[in-house]
Amino acid sequence: MKKLWRCGVCGYLHAGDEAPDACPKCGAPKEKFTGLTDEEAEKVHMSERTNDIHMEIVGLAERISALAQEGLEIDLDPPCVALFKAAIKEARVIKQRSKAEMEGHMKKGKW
Ligand SMILES: [Zn+2]
């Protein structure tokens, strides 16, 4: 398991034997980085895949929403329109649920 370093200015996480010379996100110098404890790093490593899955789910939900919107615009018949409206609502719930879970991970340092 690689050591993790967090930028004290922007929160960027770097994996490596030592902190980077400059933060790739905000440009802060190496001294602004602090090493995570093994316990903190473990939380981040354990949630890495689930965070990726949540992000992919958010992207898929956006795709469902865009497809359903296209279907709405075709306006074939009322049952079809109702189905697309429901899909847009459901996709919004799926997306928001995953975003809320990711926010929870971030607040608990699992990011
Ligand atoms: Zn930074």
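User: Is His-105 buried or exposed?
Analyst: This is a predicted model in which local features need pLDDT of at least 70, side-chain atom pairs count only at pLDDT 80 or more, and totals for chains, interfaces and linings use all residues. Residues are numbered from 1 along each chain as its sequence is written, and side-chain values use heavy atoms, with hydrogens and water left out. Buried means under 20% relative accessible area, exposed over 50% and partly exposed in between, with a 1.4 Å probe and protein chains only. Because its relative accessibility is 8%, His-105 counts as buried.

User: Which residues is His-105 in contact with, leaving aside its neighbours within four places in sequence?
Analyst: His-105 lies in helix 2, where helices (H or I, at least four residues) and strands (E, at least two) are DSSP runs numbered from the N terminus. His-105 and Val-44 are 61 residues apart in sequence, yet their C-alpha atoms are 8.9 Å apart in space. With contact taken as heavy atoms within 4.5 Å, the partners of His-105 are Ser-47, Thr-50, Asn-51, His-54, Lys-110 and Trp-111.

User: Which residues of helix 2 are buried?
Analyst: Helix 2 has 30 residues and reaches 44 Å from its first C-alpha to its last, close to the 44 Å expected at 1.5 Å a residue, the expected span being 1.5 Å times one less than the number of residues. The cover over its buried residues includes helix 1. The buried residues of helix 2 are Val-81, Ala-87, Ile-88, Ala-91, Ser-98, Met-102 and His-105.

User: What do the buried residues of helix 1 pack against?
Analyst: Helix 1 spans residues 38-74, and its 37 residues reach 55 Å from first to last C-alpha, close to the expected 54 Å. Its buried residues include Val-44, Ser-47, Asn-51 and His-54. These buried residues of helix 1 pack against strand 1 (4-7), strand 2 (13-15) and helix 2 (78-107).

User: What pattern does the protein follow along the sequence?
Analyst: The protein has two helices and three strands. Read along the sequence, their pattern is β-β-β-α-α.

User: How far apart do the C-alpha centres of domain 1 and domain 2 lie?
Analyst: The domain assignment, with bounds that come from an automatic or database source, gives domain 1 as 1-36 and domain 2 as 47-111. The distance between their C-alpha centres is 32 Å.

User: What radius of gyration does the protein have?
Analyst: The radius of gyration is taken over C-alpha atoms, and the globule rule is 2.2 Å times the number of residues to the power 0.38. Along its principal axes the C-alpha trace spans about 65 × 25 × 20 Å. A compact globule of 111 residues would have a value near 13 Å, whereas the protein has 20 Å.
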